[in-house]
Amino acid sequence: MTGLTSAQVATAKPNDVPKQTSRSLSAIIRANVFTFFNLVIGVLWALILIFGDWRDSLFGLVIVANAAIGIVQEWRAKRTLDQLAVVNETPVQVRRDGHDQEIHPSQVVQGDLILLGPGDKLLVDGDVTAAEGLEVDESLLTGESDPVHKKPGDEVLSGSFVSAGSGAYVATKVGTDAYAVKLAQEASKFSLAHSELRDGVTKFIKYITWLVVPLGALLIWNLLRNSADFATAITGAVAGVVTMIPEGLVLMTSIAFAVGVVRLGRRNCLVQELPAIEGLARVDVLCVDKTGTLTQGGMDLDEVIPLRADEPVEEALAALANVDPRPNATAQALQARYASMPDGWRSTDVVPFSSARKWSGAVFADQGAWLIGAPDMLLDVGTHAYDQARSIAMTGTRVLALCRTDELDGKETPEAVALVTFKQRLRPDAHETMEYFAKQGVAVKVISGDSPDAVSAIAVKLGIPGGADAVDARTLPADDQAGLARALEDNTVFGRVTPQQKRAFVAALQSRGHTVAMTGDGVNDVLALKDADLGIAMGAGSPATKAVAQVVLLDNRFATLPHVVGEGRRVLANIERVSRLFLTKTFYAIMISFLVVVLATDYPFAPRHSTLVNALTIGIPAFFLALAPTFERSRPGFVPRVLRFAVPAGLITGIAVVAAFLLSAPGSSLAESKSAAVLTLFFASWWVLVLVARPLTMWRIGLVVIMGAAFMLALALPAVREFFALQPGDVGNDLISLAVAGVAAAGITIAVKLAGTLRT
């Protein structure tokens, strides 16, 4: 039990696990440069450079911009994740050369003697060498919910965690040989996968891709049929195809996720899985534990109330406080007053505290068996000690009962010797945070292993609606999920909740269609955190909770939660906005190409025209809209809602552009007719931007006004007008274009309002 020597450590196999918190810089560059979209745009760019005017190739700069912005933003997110992941790593306690010390997980070597306490996560596999009431929860590996008692000689696996007791084990498999190393790597891997939002965007792109090739071929055939030369046909076809591709949509989605990680990182909030950003926005029920979440970690011993004058109360408390080598928060509070084991007290048997029992105890050689724990778990209802303990708990004070007993099996009712009260520290920001969630329509459920009276008192102090009516979880149906769900819908505060019930609460709420976030810091919260749609752990929590949570509040500030939820809402609401812009462009490009083929006419604008219009109505505004603040809660149905806006808006815009092109004054040149079509395209697209930007706050009004002014400036400056091949001088054509654009704007407004997607 002295552990390895320094010489043995130097030659032993290290716990070398490749860091997977984020992609490497080379992987980021490859992922942003070698994409299908860049390939398509690159081929079209090359065709224009070969057959057309170089000024029509400006759209090719999108490749450079997309890649550069994507690389920079993801690199920033990578650095943030890597730095926070280091802060979040919990040191491991080992014994070397006969001395206990804390080391970094990567410094563990094969053969190390690793010490264990409640809440510790097992990082490597090994064999138990010492156990004092050691219980290991292997549910994350096996699915079995009951903790497993471990004794010397038993094997333990990485990925499990200590639910009760203490002990030690020798590391036998480290690094990539450990059983759950892949699980540990996935816990903090930088990933953009498994996102409903990104899946929806990818679905859009997939369908559009199937249209690009046949429509491009039809456009070339149609333009050649109309006596256009091959170079003109290629230019026209490229103009149609480029406009169909929502090349910036994937970029904007990635940027929004990455910027969300960086913003939360500045608040000491580690997002271990990027899709968690999306989950933040969908949360409509927040389950919070009282201890460590609504109250600050730790507690202070307040008062010892003797019930038997003839019993050694002080000595018993001192003995129980110091019997466990890895004391929990209660024992630490007792140790502040009783710093050492009293003389003559020697333990022969110890039962450590567990969330299921709600008590701990020990047998002492000459003083018998003693217990300390929840009064309503140890005492009979109706006794004087029980009633006194309950009246104290109703004030919000935590109270425990000190009892004598004959055996530690919990089968007989022990004799109450004293009541021990503790002061709990309410988080100063908890009240304000609860008010925020109430205003945002997020239901809060307070679930705690403490007594219902104590939990209710805390809830009332925080002004939580329904806090006065606490439910004792022991009265809830065990096998009736529907009944449990009804109880959760109708009540807010629950006490005496076991770890298994916390998990069942999450499942019951999810069965009602809720998106559930769960906060916690203790080992009893692990299973519920894992099953919740969004697990949020406190930075001071147990290693096991931080390992399974998607979000870790490293500074333990409960007030960070509103910013966490707000960031998720910002990302999803803004991506929905920019998706409407990009896909409206896609659908008007499809409609224009279809009409050009059916009507056997020339394509109504050149690639440089679409570059100008797209930059001012989509590209530049989308960048600001994607990163803007918003507090809209995400709603299901992202894909249908975007399509209900983009399809009618795009089709009406496409018809208007072709109409303006064909209705241009007789005798107009092709360049003048194209200019007329560009005017209609801009003003119809600009109106779509106005609708998407609603509600029109001052900065959004400024954004749309600046985009309109920039287009007017392009028309007014001869050099810019010549560069973009615009000839808007014909008053008749201009009036026709504006009239068609006005009709289109009215039609778009009516169509999207009827579709129920117009923002107010």
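Buried means under 20% relative accessible area, exposed means over 50%, and partly exposed lies in between (1.4 Å probe, protein chains only). This is a predicted model, in which local features need pLDDT of at least 70, side-chain atom pairs count only at pLDDT 80 or more, and totals for chains, interfaces and linings use all residues. Residues are numbered from 1 along each chain as its sequence is written, and side-chain values use heavy atoms, with hydrogens and water left out.

**Exercise 1. A salt-bridge network**

Solution. 

Step 1. A salt bridge is a side-chain nitrogen of Lys or Arg within 4 Å of a carboxyl oxygen of Asp or Glu. Search the whole structure: 21 salt bridges turn up.

Step 2. Take R308 and E415. R308 sits in the loop between β10 (300–306) and α12 (313–322), while E415 is in strand β15; the pair links distant parts of the chain, 107 residues apart. Helices (H or I, at least four residues) and strands (E, at least two) are DSSP runs, numbered from the N terminus.

Step 3. R308 is partly exposed, because its relative accessibility is 25%. E415 is partly exposed at 38%. R404 is partly exposed at 24%. E311 is buried, with a relative accessible area of 15%.

**Exercise 2. Helix α22**

Solution. 

Step 1. Check the surroundings. Of the 40 residues of α22, 36 are buried, so the helix is largely enclosed by the rest of the structure.

Step 2. Look inside the helix. R570 and E567 meet in a salt bridge (2.5 Å, N to O). Both lie in α22, 3 residues apart, about one turn of the helix. An α-helix has 3.6 residues a turn, so residues three or four places apart point the same way.

Step 3. L581 is in α22. L581 is buried, because its relative accessible area is 3%. Its C-alpha is 7.3 Å from that of V692, 111 residues away along the chain.

Step 4. Read the residue after the helix. A600 follows α22 and has a positive phi, near 55°.

**Exercise 3. Backbone geometry in loops**

Task: Locate the cis peptide bond at P695 and state the phi of R496 and of A725.

Solution. 

Step 1. The cis bond joins R694 and P695, with omega about 0°. P695 is in the loop between α25 (670–693) and α26 (698–716).

Step 2. R496 has a positive phi near 55°, and is a residue other than glycine. R496 belongs to the loop between β18 (493–495) and α19 (499–511). R496 counts as buried, because its relative accessibility is 5%.

Step 3. A725 is not a glycine either, yet its phi is positive, about 55°. A725 is in the loop between α27 (718–723) and α28 (731–754). With 28% relative accessible area, A725 is partly exposed.

**Exercise 4. Surface patches**

Task: Identify the residues of the negative patch and of the nonpolar patch.

Solution. 

Step 1. Apply the rule. Patch residues have over 30% relative accessible area and no salt bridge; like charges are joined within 9 Å, nonpolar side chains (Val, Leu, Ile, Met, Phe, Trp, Tyr) within 5 Å.

Step 2. D406, E407, D409 and E412 form the negative patch. E407 is in the loop between β14 (398–405) and β15 (415–423). E407 is partly exposed at 47% relative accessibility.

Step 3. L25, I29, V33, F34 and W75 form the nonpolar patch, with about 450 Å² of accessible area together. Helix α2 (residues 25–33) gives the largest share, 3 residues.

Notes:
Accessible areas come from the Shrake-Rupley method with a 1.4 Å probe; for residues, only the protein chains shown count as cover. Lys and Arg count as positive and Asp and Glu as negative; His and the chain ends are not counted. The place of a charge is taken as NZ of Lys, CZ of Arg, CG of Asp or CD of Glu.
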